[in-house]
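Here is a short briefing on a two-chain model. Keep the sequence and the 3D view open while reading.

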Amino acid sequence: MIGGVAWSTVGELVLRHLYLAGLPLLLGLLISLPLGWLATRYRWLAPPMIAGTGLLYTIPSLALFILLPLLLGTRVLDDANVLVAMTLYTIALLTRTVADGLGSVPGATRQAATAMGYGELRRTLVVDLPLAVPVITAGLRVAAVSNVSIVSVAALIGVSQLGQLFTEGFNRNDMGPILVGIGACVALALVLDAGIAALSRVLTPWLRAGAAR
Amino acid sequence: MIRFEGVTKRYADGVTAVDDLSLEVPQGGITVFVGPSGCGKTTSLRMINRMVEPTEGRILINDQDVAARKPAQLRRSIGYVIQHAGLFPHRTVLKNVMTVPRLIGWDQARARSAAMEAIEKVGLTADQAERYPAQLSGGQQQRVGVARALASDPEVVLMDEPFSAVDPLVRMDLQAEVRRLQRELGITVVLVTHDIDEAIGLGDHVAVLRQGGRLAQLATPGELLREPADDFVASFVGKDRGYRKLGFTGADLDPAPEQTVRLGEDVPTGRGWVLAVGEGGEPLGWVDRHTSGGPVGEDELHRMGSLAEVGDSARVFLDAALSAPSRRGVVVQDGRVIGTVSAQQVVDSLERT
């Protein structure tokens, strides 16, 4: 027991929380990649695309959790509502990041790739994207922490995860579960953040090669 | 051979970058496109590998219209060296150079050995091949850029201001390197520069383009200096073209015999300068007989000035004469002193031609 909550319950809720915040992170990234690419490929598309996706972030999460069942035809307690909502928030944060990342590739490098005979898609995948990794993972870290925080609101519509400890603590007028919930959320956010940072390092060995001549 | 036939590039905003350009880039050798900014030299270069599409006219490589080939495939068959090297920062030098061999479908082993060969050709080591571009100096990066363009043995290599971002000393090295590689491999190099000295020093043929993308003159450097087609070319080539022309003028000279002394030997009596040579007859420096007596020591040697090799241009001979403290330019053959020439002799030989 910790703070009046069984360890097994904490573990269960952490896994649920990780699932509801983490899976949308991956889905959002997969969707943001082509959107961000479109924004860099077609200049005129960038302002509406980035402003449009950015606006998604301003929709209050509670409203989205309640509205989505109506739009998707899902049941109110369905995890899908939360997953879709969190994916939208991820897209809101990452589309600009992906566009910025792809846009950060030096012009000379891009031109050289074209002149070597890379087709556009192949160049994007093997030249532009690897070089955009540092920028994209920086955005991903923000999105990960943001997701962990926002998803706890889903407790209000009865979808279980660490946020449930907040509603429980509030209802029982007991600080114990609330503190445990906060601690677990912070820990989860830190683990995700560190994980993505480590992944970024693995994917960018050339940045650490040192400038020895 | 690359042929431009009435090639025009007009942009949507009405700017004409290249205007009815017709010229032939001869097979083999270095052809330089040179001109002030806005003369369309880079645009012309990029139309060869279809990085830019012409509005009118066509470009043929070995009598085949480039427009008939798929852009990506065409580009893989043509080497390309870009300003600032444009290396892939996330790939090692070796992987950078392997790019085109891999794109044209060579297997890993073949691409790797071709890349290593190209890396050695441009004077880089196997150790450097494993580094990332950021770990190399600017000059070394540009060498990698050249190696990358050569790795798949293309017949044609395009170079877009390849040396403009490196310092003058490194630039001279790289120019010599490109010259050597071109001779060695027999490839056709088309090089763009805004620097007329580079064009004249490096090109076998020089195409001078004027503002608005029109060809002003296509000639050998010597012709360009001797007979500029018009005022524009004359002024672009520069005001000291008479002097620079010497670089393309042979010197018909008989070097005069020169008394030499080996290190450790006694300085012969007399006046003025005497030339010290090494065991193999290689020139070492000048000794001033006013300040020297007894055996010649290394600390008594004065700097030598430049050397002229038999067959060099009049410019080299003149420089050898003017840069020697004795005013006698040392002429060598296979590294051994065969005599000296005076500036007067060089000038006299010019009067005769």
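This is a predicted model: local features need pLDDT of at least 70, side-chain atom pairs count only at pLDDT 80 or more; totals for chains, interfaces and linings use all residues.

Chain A has eight helices and zero strands. Chain B has 14 helices and 16 strands. The two chains touch: 22 residues of chain B are in contact with 18 residues of chain A.

**Chain A overall**

- Reading from the N terminus, the elements run α-α-α-α-α-α-α-α.
- The C-alpha trace of chain A spans about 65 × 45 × 20 Å along its principal axes.
- Of the 213 residues in chain A, 40% are buried.
- Take the contacts in chain A between residues at least 6 apart in sequence: 72% of them join residues at least 24 apart.

**Chain B overall**

- Chain B divides into domain 1 (2–248) and domain 2 (260–352).
- The C-alpha centres of domain 1 of chain B and domain 2 of chain B are 39 Å apart.
- The C-alpha trace of chain B spans about 75 × 50 × 30 Å along its principal axes.
- Of the 353 residues in chain B, 42% are buried.
- For contacts in chain B with a separation of 6 or more, 60% come from residues 24 or more positions apart.

**Where the chains meet**

- On the chain B side, 22 residues are in contact with 18 residues of chain A.
- The largest share, four residues, comes from α2(B).
- By class, the chain B side holds eleven nonpolar, nine polar and two charged residues.

**Helix α4 of chain A**

- Helix α4(A) covers residues 79–103, which is 25 residues.
- From first C-alpha to last, α4(A) reaches 35 Å, close to the 36 Å expected at 1.5 Å a residue.
- α4(A) has a kink of about 35°, centred on Leu94(A).
- The helix is mostly covered, with 20 of its 25 residues buried.

**Val127(A)**

- Val127(A) sits in helix α6 (residues 120–151) of chain A.
- Is Val127(A) buried or exposed? Val127(A) counts as buried because 23 C-beta neighbours lie inside 10 Å, and the cut-off for buried is 20 or more.
- Leaving out residues up to four places away in sequence, Val127(A) touches Thr109(A), Ala113(A), Tyr118(A) and Phe88(B).
- That list includes a residue of chain B, Phe88(B).
- Val127(A) and Cys185(A) are 58 residues apart in sequence. In space they are 36 Å apart, C-alpha to C-alpha.

**Positive phi in chain B**

- Ala85(B) is not a glycine, yet its phi is positive, near 70°.
- Ala85(B) lies in the loop between β6 (78–81) and α3 (93–97) of chain B.
- Ala85(B) is buried, because 25 other C-beta atoms lie within 10 Å.
- Asp153(B) also has a positive phi, about 55°, although it is not a glycine.
- Asp153(B) lies in the loop between α7 (138–150) and β7 (156–160) of chain B.
- Why does Asp153(B) count as partly exposed? Asp153(B) has 13 C-beta neighbours inside 10 Å, and a residue counts as exposed at 12 or fewer and as buried at 20 or more, so Asp153(B) falls in between.

Conventions. Residues are numbered from 1 along each chain as its sequence is written. Chains are lettered from A and ligands numbered from 1 in the order in which they are written. Two residues are in contact if their C-beta atoms, placed from the backbone, lie within 7 Å. Helices (H or I, at least four residues) and strands (E, at least two) are DSSP runs, numbered from the N terminus. Ala, Val, Leu, Ile, Met, Phe, Trp, Tyr, Cys and Pro count as nonpolar, Asp, Glu, Lys and Arg as charged, and the others, Gly among them, as polar. Domain bounds come from an automatic or database domain assignment. The expected span of a helix is 1.5 Å times one less than its number of residues. The bend at a residue is the angle between axes fitted to the seven residues ending there and the seven starting there.
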